Amino acid sequence: MYKTCEELQRAIAHFTEELDGKFNGKTGKRYVMLCGGTGCVAAGTMKLKEKFEELLDTYNLRDEVEIRVVGCFGLCSQGPFVRIFPENVLYRLVQPEDIQEIVFQDLKEHRIVERLLYVDPATNETITKMEDIPFYRKQKRIALHGCGVIDPNKIEEALGCGGYQGFIKAMSMKPEEVAQMILDSGLRGRGGGGFPTGKKWQFAAAARSDVKYVVCNGDEGDPGAFMDRSILEDNPLAVIEGMAIAGYAIGASEGYFYIRAEYPRAVEHINATIKRAEELGLLGDNILGTGFSFRAHVRLGAGAFVCGEETALLNSIMGGRGRPRPRPPFPAVKVLWDQPTIVNNVETLATVPYILREGLDAFTCYGTERSRGTKVFCLGGKVNNVGLVEIPMGVTLRELIYDIGGGIQNGKEFKAIQTGGPSGGCLTKDFLDTAIDFDNMVEAGSMMGSGGAIVMDEDNCMVNVAQFYMGFICDESCGKCSPCRIGTKRMLEILNRITSGRGTMKDFEELEELGETVRNNSLCALGQTSANPIQSTIKHFKDEYIAHIVDKKCPAHVCKDMIQYIIDPEKCKMCSLCSRKCPVEAIHGLPGKTPFEINQSMCVKCGMCISTCKFDAIHIE
């Protein structure tokens, strides 16, 4: 247990030297780092580890090589990854059958396995080091500091990577000075609201109460989003440190992590790190002899998207139903057990230690005038480089999609990007040069939200996209207020009619009217922003709505009730392969004698026939 800040500083210096030694070849050993992000684990990281361990014994390399499972490398579409230090060689798309070659050729013979290196699709250049891959060049890891480098189960490595130096700095300052520093940094809430973090802390600090709370909102529920999960899994100590600093700044002695129950690894890592931090004296009573006491607890999410809204979240922590409530009073004044409470997003708290540790200039040199620092995004959809990125505010959508994301898959045309999750909007190519920050995204008709970014190409139907998001919102509405409970249901019903070919122009007009009604009268942000996907797609893709309603056609050939699969008799080779693969036996003909035909009344539009045909004889109308 560390009893003073000075004692911890000495330990940190030792851990830092030890960690640097592993990367710089000072230990005489080589280190194989495997990506332990959830995506790579699902793709077989632990099988790679087992194979490495087996072959180290086979080749007598046990004393020369250490296998380490670290956090997410970010470039999920190229995983699983193997990174070898001190040479800093990165292998991607590694399978168990590749390990024999890596162990013998690289670890034993010191020759790089060229075929497993990343190849830049734009230049065909083979790249050896991670930082030279275009995906990483424009990134700056602040909230993701340490992720992909440290073993999240070893708190000593987190300390060696800068952990708790921000806390030590805070302990040398007055609480009000810490809150002012965060305010001066320009840090805004990364959960989507964008409220100045320092100002929220100051409100809570000014509240008259002997009991106050800090809550970490880890109830990440946006489709395609995993920013918070990755931080909690890969460097849990950074979030714990940020929470403790927040507690010191507002005068709180307790904090709660509210984490989705669907994130078992994140819950496991946070719980384990809290326990270890208490053992080392980094949490608990009289931390490091400073007189400041702080304890952290974990609560599992109630499984509802609306629990990401802070008042619903706080109700859930107290054992109530996860439903929003009117404000005021605001949480910073009185909420959790009727005491002042601040709610900060995972990414926000993970950013706080960097500001204290590195100083204001190191943070404010990134970003824009109104949005300082960096933002973590989950880049997904029809983009080549799918994954987790952290970029300085001010990077444009074009840079995000094409420089970092590697452009659109299969050379398709970019159509739109949905930012801000189900509450956000779709932005077209006209906005590609928009600098990403809180205010610019809102002015463009979308929002940054917590950081989801789904890229769509020419094959996406934007009416179908609006229908998908409205279905999600409708399912997740808590039902407390009538505008959201009823309005989202009515909007979904209209979209269902339009995508099934039964829509009318009156439906189109009612969609816009309903959207405004729900926006202006709903209790919480879920309802207030629920119409964003509809309104943005109507604004930019009105012609697609008209085609569905007037022409009864889906231009993108996505809406099943408005398309048909047709076999061209001139191209059909009468091989019967499509008929044999059809799951509902809707295709008929005589093999070798007559062209095959599809019974449209039986066809379920699964697409099996078109993917099976080797002669391009089937098309969609």
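Tutor: Gladly, and please keep in mind that this is a predicted model. Let us begin with a term for helix pairs: the axes are lines fitted to C-alpha atoms over the stretch in contact, and the angle between the N-to-C directions runs from 0 to 180 degrees. Here, the axes of H8 and helix H14 (residues 346-358) cross at roughly 100° and come within 11 Å.

Student: How should I name the arrangement of H8 and H14, roughly parallel or roughly perpendicular?

Tutor: Angles of 65 to 115 degrees count as roughly perpendicular, and H8 and H14 are therefore roughly perpendicular to each other. On the H8 side, Met 181, Ile 182 and Ser 185 make the contact, meeting Val 352, Ile 355 and Leu 356 of H14. The residues of this contact divide into five nonpolar, one polar and no charged.

Student: And how do H8 and H9 cross?

Tutor: Angles over 145 degrees count as roughly antiparallel. For H8 (residues 175-185) and H9 (residues 197-206), the crossing is roughly 155°, with the axes coming within 7 Å, and the two helices are therefore roughly antiparallel. Val 178, Ala 179, Gln 180, Ile 182 and Leu 183 of H8 meet Thr 197, Gly 198, Lys 199, Trp 201 and Gln 202 of H9. By class, that contact has five nonpolar, four polar and one charged residue. Notice that Ile 182 of H8 is among the residues that meet H9 and also among those that meet H14.

Student: Now the sheets. What is the strand order in the open sheet of four strands?

Tutor: With a sheet, read the order, then the direction of pairing. The order here is E9-E8-E7-E10, and the pairing is parallel. E9 (295-300) and E10 (341-345) each have a single partner strand, so one side of each has no neighbour in the sheet. On average, neighbouring strands are turned by 20° against each other, ignoring direction.

Student: How many bridges pair E7 with E8?

Tutor: Six bridges pair E7 (residues 213-218) and E8 (residues 254-259) in the parallel sense. As one example of facing residues, Gly 218 stands opposite Ile 259 in E8.

Student: Which helices lie across these strands?

Tutor: Helix H12 (residues 264-280) lies across E8 and E9, at about 165° to E9. H14, which we met beside H8, lies across E7 and E10 and runs at about 90° to E10.

Student: Which strands are joined by bridges to E13?

Tutor: For E13, look at both partners. Five bridges join E13 to E15 (residues 452-457), running antiparallel, and Ala 416 has Met 456 as its bridge partner there. Three bridges join E13 to E14 (residues 425-427), also antiparallel, with Ile 417 opposite Leu 427. E13 and E14 form a hairpin with five residues between them, and Gly 420 in the turn has a positive phi of about 85°. As for burial, six of the six residues of E13 (residues 414-419) are buried.

Student: Finally, how many disulfides are there?

Tutor: A disulfide needs two cysteine sulfur atoms within 2.5 Å, and the count comes to zero. For Cys 76, the nearest cysteine sulfur is that of Cys 72, 4.4 Å away.

Student: Is Cys 216 buried or exposed?

Tutor: Cys 216 is buried, with a relative accessible area of 0%, whereas Cys 76, at 30%, counts as partly exposed. The closest cysteine sulfur to that of Cys 216 is in Cys 147, at 13 Å, too far for a bond.

Notes:
Residues numbered from 1 in each chain as written. Predicted model: local features only at pLDDT ≥ 70, side-chain atom pairs only at ≥ 80, totals over all residues. Heavy atoms only, no water. Parallel < 35°, antiparallel > 145°, perpendicular 65-115°, else oblique. Contact = heavy atoms within 4.5 Å. Nonpolar A, V, L, I, M, F, W, Y, C, P; charged D, E, K, R; others polar. Pairing = 2+ DSSP bridges. Buried < 20%, exposed > 50% of the residue type's maximum accessible area, 1.4 Å probe, protein only.
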